[in-house]
Amino acid sequence: MKFLRPTVFIGLLFALILGAGVVFVQPAFAQDVDMVAFARTAGFSTQDDVVVIIARLIRTAISMVGVIAVAFIIFGGFMWMTAGGNPDRLKKAKQILTNAIIGLILVFSSFAIIQFVLGALVDATGSTTSSSD
């Protein structure tokens with residue numbers, strides 16, 4: 001019976017907070033966003049060549065994959081530090097670190113290859129990959 005009282009109290013508190021959120025909600029007005037200006041600010045101008053847009057998208061995707069690889073390295077290091085001498089967890093942490101480092105090497109390699117290919121493509125077409133805004 002003693003366990004029931006805190007559970008009921010927490011449930012009522014949660015319901016009160018949720019109810020206040022529903023009562024005091026504010027409109028978002030998301031429909032007033034100028035998407036062309038937003039795209040230009042983000043570096044995706046609608047007036048650029050298709051090669052430039054594809055180059056920026058590829059660079060953005062490679063950057064995201066690089067961030068994920070670094071996150072896996074941090075996660076593997078955390079698992080290693082918290083293994084506490086457990087050989088199974090150490091083996092799993094080493095495997096995660098090895099795979100993350102291989103992934104990071106692949107990201108750097110793919111970035112170098114993409115830079116080379118896009119450079120050759122830009123030279124062939126005469127366009128530029130830098131922002132014109």
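In which helix is the place of I101? I101 lies in helix α4. The model is predicted, so to speak of local features pLDDT of at least 70 is needed, side-chain atom pairs count only at pLDDT 80 or more, and totals for chains, interfaces and linings use all residues. Residues are numbered from 1 along each chain as its sequence is written, and side-chain values use heavy atoms, leaving out hydrogens and water.The protein has four helices and zero strands. Its pattern along the sequence is α-α-α-α. Helices (H or I, at least four residues) and strands (E, at least two) are DSSP runs, numbered from the N terminus.

Of the 133 residues, 17% count as buried. Buried means under 20% relative accessible area, exposed over 50%, and partly exposed in between (1.4 Å probe, protein chains only). I101 has 43% relative accessibility and therefore counts as partly exposed. The C-alpha atoms of I101 and A69 are separated by 7.4 Å, although these residues are 32 apart along the chain. Among contacts (heavy atoms within 4.5 Å) between residues at least 6 apart in sequence, 56% join residues at least 24 apart.

Helix α3 spans residues 50-81 and helix α4 residues 87-125. Their axes come within 8 Å and cross at roughly 165°. Axes are lines fitted to C-alpha atoms, for helices over the stretch in contact, with angles from 0 to 180 degrees between N-to-C directions. The two helices, α3 and α4, are therefore roughly antiparallel, a term for angles over 145 degrees. By class, the contact of α3 with α4 has 25 nonpolar, five polar and four charged residues. Ala, Val, Leu, Ile, Met, Phe, Trp, Tyr, Cys and Pro count as nonpolar, Asp, Glu, Lys and Arg as charged, and the others, Gly among them, as polar.

Key
Angles under 35 degrees count as roughly parallel, over 145 as roughly antiparallel, 65 to 115 as roughly perpendicular and the rest as oblique.
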